Amino acid sequence: MPVYDYVCMDCHQPFEVVLTLTEHDKEAPKCPKCGSKNVEQEAAAFFAVTSRKS
Ligand SMILES: [Zn+2]
């Protein structure tokens, strides 16, 4: 399962959530620190695979 990185916009707490794609599509997770749903997703490692050819 992919791990998503989030940052809480209220308390600026970064956190990780393991979600299925369905769960991820359904709703945003809550901040584990303050319980806010005002969170923003960071670029997940799952999707951050760039085809960098040197
Ligand atoms: Zn928070």
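Biologist: Which way do strand β1 and strand β2 run, and how many bridges join them?
Modeller: Strand β1 (residues 3-8) and strand β2 (residues 14-18) run antiparallel, joined by 5 bridges. Two strands count as paired if DSSP finds at least two bridges between them. This is a predicted model, in which local features need pLDDT of at least 70, side-chain atom pairs count only at pLDDT 80 or more, and totals for chains, interfaces and linings use all residues. Residues are numbered from 1 along each chain as its sequence is written.

Biologist: What is the bridge partner of Y6 in β2?
Modeller: Y6 has F15 as its bridge partner there.

Biologist: And what lies between β1 and β2?
Modeller: The two strands form a hairpin with 5 residues between them, and H12 in the turn has a positive phi of about 60°.

Biologist: Which pattern does the protein follow along the sequence?
Modeller: The order is β-β-α-β. Helices (H or I, at least four residues) and strands (E, at least two) are DSSP runs, numbered from the N terminus.

Biologist: Changing topic, where does A28 lie?
Modeller: A28 is in the loop between α1 (21-26) and β3 (39-41).

Biologist: Why is A28 classed as partly exposed?
Modeller: Because 15 other C-beta atoms lie within 10 Å of A28; a residue is buried at 20 or more, exposed at 12 or fewer, and partly exposed in between, with C-beta atoms placed from the backbone.

Biologist: Which residues is A28 in contact with, neighbours within four places aside?
Modeller: K37 and V39, where contact requires C-beta atoms, placed from the backbone, to lie within 7 Å.

Key: Two residues are in contact if their C-beta atoms, placed from the backbone, lie within 7 Å.
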